[in-house]
Amino acid sequence: MTAKLDYEWRLREIMAARGMFNTTDLRPLLIERGITLSATQIWRLVTEKPERLSVKVLVALIDILGCPMEDLITPVVSPTGSRNRAAGQTGAVGGEPGAGRESGVGGFRPKRARITE
């Protein structure tokens with residue numbers, strides 16, 4: 001079975017680790033660096049895996065988050081014949097599945113608000 005190179009987009013996880021839980025937190029920081037994106041574009045950038053990404057936007061995100069590019073984009077190998085990625089069975093290139101990273105945002109999620117009347 002042949003392998004297909006893919007990647008994990010970890011922007012949401014890294015934002016959560018830095019205490020940034022809203023997509024709107026990024027907009028003023030991107031504007032400071034000369035990147036103007038609409039609220040919808042920023043939401044898609046955070047919540048979805050981008051297929052195309054400007055190098056300027058990537059560099060701005062790396063600067064804002066203070067992380068290396070390898071933390072933001074993690075290459076993975078997935079077999080082309082099956083949907084193992086959907087089942088969470090992919091492995092990082094050159095290492096074991098997960099490669100020492102937590103899956104999801106885990107303990108970085110904020111506490112749910114309780115509404116009382």
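Is Glu 32 buried, partly exposed or exposed, and at what relative accessibility? I looked it up in this predicted model. Glu 32 counts as exposed, at 62% relative accessibility.

**Overall fold.** I listed the secondary structure next. The protein has five helices and three strands. From the N terminus, I read the order as β-α-α-α-α-α-β-β.

**Burial and surface.** The protein has 117 residues, and 28% of them are buried.

**Salt bridges.** I counted four. I took Lys 49 and Asp 6 to begin with. Their side chains meet at 2.9 Å, N to O. Lys 49 sits in the loop between α3 (39-47) and α4 (55-65), and Asp 6 in strand β1 (residues 3-9), so this pair ties together parts 43 residues apart in sequence. Lys 49 is partly exposed at 28% relative accessibility. Asp 6 is buried, with a relative accessible area of 18%.

**Back to Glu 32.** I followed its partner, Arg 33. The closest N and O atoms of this salt bridge are 3.6 Å apart. Arg 33 also forms a salt bridge with Asp 63, where the closest N and O atoms are 2.6 Å apart. Asp 63 lies in helix α4 and Arg 33 in the loop between α2 (26-32) and α3, so the pair links parts 30 residues apart in sequence. I logged Arg 33 as partly exposed, at 32%. Asp 63 is partly exposed too, at 48%. I recorded Glu 32, Arg 33 and Asp 63 as a network of salt bridges.

How values were computed: Residues numbered from 1 in each chain as written. Predicted model: local features only at pLDDT ≥ 70, side-chain atom pairs only at ≥ 80, totals over all residues. Heavy atoms only, no water. Helix = DSSP H or I, 4+ residues; strand = E, 2+ residues; numbered from the N terminus. Buried < 20%, exposed > 50% of the residue type's maximum accessible area, 1.4 Å probe, protein only.
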